[in-house]
Amino acid sequence: MTISIAQSFVPAAAHLLSATAEASRQEIDAQIGPRRRGAIYQNTDGAFEVLSVVTDPAEARALLRRDSAQWALIVRDVLRAGGEPFAVGTVWSTTDHLVREAPDRVCSSWGTAA
């Protein structure tokens, strides 16, 4: 049985790609933080209910009009009567805090528009 040099590198490359994808997913999850559909969070800008989490980069880029966007949230300002939903791409930070957790915190939003 003959094994070519190219064949021996394929499993290592596949493992590297999956590790890179996992690291990217974890980074995006950290940027989104605990904001899942149904959660309410507050920061210096106001209080917002998360209506949807968009993790499709193409859709996030269109919503935010930023070529680098990897995700977006559709939120509604709960402090303004009749507040219209809008998209945000701000990273979860120490100035943000949850007012209400999402009803189903165990489900990850990765790969879906929840």
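Trainee: What is the relative accessible area of Arg-76?

Mentor: Arg-76 has a relative accessible area of 28%, so this residue is partly exposed. Buried means under 20% relative accessible area, exposed over 50%, and partly exposed in between, with a 1.4 Å probe and protein chains only. The model is predicted: local features need pLDDT of at least 70, side-chain atom pairs count only at pLDDT 80 or more, and totals for chains, interfaces and linings use all residues. Residues are numbered from 1 along each chain as its sequence is written, and side-chain values use heavy atoms, leaving out hydrogens and water.

Trainee: With which residue does Arg-76 form a salt bridge?

Mentor: Side chains of opposite charge can pair when their charged atoms come close. The rule for a salt bridge is a side-chain nitrogen of Lys or Arg within 4 Å of a carboxyl oxygen of Asp or Glu. Arg-76 pairs with Glu-49, their closest N and O atoms being 2.7 Å apart. Because Glu-49 lies in strand 2 and Arg-76 in strand 3 (residues 72-77), the pair ties together parts that are 27 residues apart in sequence. Helices (H or I, at least four residues) and strands (E, at least two) are DSSP runs, numbered from the N terminus.

Trainee: Where do Arg-25 and Asp-29 lie?

Mentor: Both lie in helix 1 (residues 5-32), four residues apart, about one turn of the helix. Asp-29 is buried at 15%, whereas Arg-25 is partly exposed at 22%.

Trainee: How many salt bridges are there by this rule?

Mentor: The count comes to five. One of them joins Arg-80 and Asp-77, with 3.4 Å between the closest N and O atoms.
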